[in-house]
Amino acid sequence: MSIKVEIKSVKQALRALSIKSDALIRIAVNATSLELESAAKKLTPVDTGRLRASITQLNTSNGMINEVGSKVKYAKKVHDTHPTKPNF
C-alpha cells in the first residue's frame, strides 16, 4: 500500500488555512479593540466630553494591529494624573 501526496494540493491547503487564520485574527483584533475603546471611554472623566468623544481605534498593519487612543493634546495628562485613574 502506498500513499501519494501532491505538494501542489498541500500548498493550496496551507494557503487556504493561512487566509482563514488571518481573517480570524483580524476579527479578534477588531473585536478586542472595540471592547478596549468602549472601556476607555467609560473610564474617561467627563468635563466637556471632548476627550471621551476623541477616543477611537486605528487599524494598522493590514488589520493585524489596532491602536486605541486619542489625539487630544491633554489626553496623556488626564490618563496619567486624574484621580479616577484605576490602580492596576
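Q: Which helix do Lys76 and Asp80 lie in, and how many residues apart are they?
A: Lys76 and Asp80 both lie in helix α3, which covers residues 75–81, and they are 4 residues apart, about one turn of the helix; please keep in mind that this is a predicted model.

Q: What do the side chains of Lys76 and Asp80 meet in?
A: They meet in a salt bridge, with an N to O distance of 2.6 Å, and, as a general point, side chains of opposite charge can pair when their charged atoms come close.

Q: Is Lys76 buried or exposed, and what about Asp80?
A: Lys76 counts as exposed because its relative accessibility is 58%, over the 50% cut-off, whereas Asp80, with a relative accessible area of 35%, is partly exposed.

Q: Which residue does Lys41 form a salt bridge with?
A: Lys41 forms a salt bridge with Glu37, and the closest N and O atoms of that pair are 3.2 Å apart. Both residues lie in helix α1, residues 7–43, where they are 4 residues apart, about one turn of the helix.

Q: And is Glu37 buried or exposed?
A: Glu37 is buried, because its relative accessible area of 12% falls under the 20% cut-off, while Lys41, at 25% relative accessibility, counts as partly exposed.

Q: Switching topic, how do strands β1 and β2 run, and how many bridges join them?
A: Strand β1, residues 56–60, and strand β2, residues 65–69, run antiparallel and are joined by 5 bridges. Within this pairing, Asn59 stands opposite Asn66 in β2.

Q: What about the hairpin of β1 and β2, which residue takes a positive phi there?
A: That is Ser61, with a positive phi near 50°, in a hairpin that has 4 residues between the strands.

Q: Where is the place of Ser54, and which residues does Ser54 touch?
A: Ser54 has its place in helix α2, residues 50–54, and, leaving aside residues up to four places away in sequence, Ser54 touches Gly69, Ser70 and Val72. With a relative accessible area of 18%, Ser54 is buried.

Q: Last one, what is the mean pLDDT of the protein chain?
A: The mean pLDDT of the protein chain is 83, and 84% of its residues reach 70 or more.

Methods. Residues are numbered from 1 along each chain as its sequence is written. This is a predicted model: local features need pLDDT of at least 70, side-chain atom pairs count only at pLDDT 80 or more; totals for chains, interfaces and linings use all residues. Side-chain values use heavy atoms; hydrogens and water are left out. A salt bridge is a side-chain nitrogen of Lys or Arg within 4 Å of a carboxyl oxygen of Asp or Glu. Helices (H or I, at least four residues) and strands (E, at least two) are DSSP runs, numbered from the N terminus. Buried means under 20% relative accessible area, exposed over 50%, partly exposed in between (1.4 Å probe, protein chains only). Contact means heavy atoms within 4.5 Å. pLDDT is the predictor's confidence in each residue, from 0 to 100. Two strands pair if DSSP finds at least two bridges between them.
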